Amino acid sequence: MLLDHRTYICRPGTLKKHLALYEAYGKVPQTKHLGQPVAFLTTESGNVNTYVHIWAYADAADRATKRAAMQADPDWIAYLEKSAEAGYLEFQENRLMLPVGFMPPPVRAGG
């Protein structure tokens, strides 16, 4: 299993607007291609303009295939354009992570 841990920081005061934009335009095309995330979280302490989502893949090839299909989806492209126009995001970081052998794999939301 390969986990894609993605961290985003929004401009102050825009996190709720950004998440509403994602819910309206990005969630459906993204989950159509990637399935449900393991987690989609906002920060309670620390930088409160931060949110994180984590996606699970069988391996790097599975991730590449699914993300390529998503990047070619006109609905996803339209969402990315709306997000860029809104300008809410300041920072993005993703880390590909592997579970350690002595822990059970994470349970996927809805699964």
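Let me begin with a definition: Ala, Val, Leu, Ile, Met, Phe, Trp, Tyr, Cys and Pro count as nonpolar, Asp, Glu, Lys and Arg as charged, and the others, Gly among them, as polar. Please bear in mind that this is a predicted model.

The largest pocket has a volume of about 230 Å³. It is lined by 17 residues, and those closest to its centre are Y8, W76, Y79, L80 and Q92. Two or more lining residues come from each of β1, α1, β3, α2, α3 and β4. The largest share, four residues, is given by α3. By the definition above, the lining comprises nine nonpolar, six polar and two charged residues.

I now turn to the aromatic residues. How many aromatic pairs does the structure hold? There are five aromatic pairs. One of them is stacked: the rings of F40 and Y51 are 5.7 Å apart, centre to centre, with 15 degrees between the planes. Because F40 lies in strand β2 and Y51 in strand β3, this pair ties together parts that are 11 residues apart in sequence. F40 is partly exposed, at a relative accessible area of 31%, whereas Y51 is buried, at 4%.

W76 and Y79 form a tilted pair, at 5.1 Å centre to centre and 40 degrees between the planes. These two residues are three apart in helix α3, so about one helical turn separates them. Both W76 and Y79 are buried.

Finally, Y8, Y22, F40, Y51, W76 and Y79 form one aromatic cluster. As for Y25, K82 lies over the face of its ring, 4.8 Å from the ring centre. Thank you.

Note on methods: Residues are numbered from 1 along each chain as its sequence is written. This is a predicted model: local features need pLDDT of at least 70, side-chain atom pairs count only at pLDDT 80 or more; totals for chains, interfaces and linings use all residues. Side-chain values use heavy atoms; hydrogens and water are left out. On a 1 Å grid over the protein atoms alone, a cavity is a set of points where a 1.4 Å probe fits but cannot get out, and a pocket is an open set with protein on both sides within 12 Å along at least five of seven lines; lining residues have an atom within 4 Å of a point. Grid points are joined across faces, edges and corners, and a volume is the space filled by probe spheres set on the points. Rings of Phe, Tyr and Trp (its six-membered ring) pair if their centres lie within 6.5 Å; planes under 30 degrees apart count as stacked, over 60 as edge-to-face and the rest as tilted. Buried means under 20% relative accessible area, exposed over 50%, partly exposed in between (1.4 Å probe, protein chains only). A charge sits over a ring if NZ of Lys or CZ of Arg is within 6 Å of the ring centre and within 35 degrees of the ring normal.
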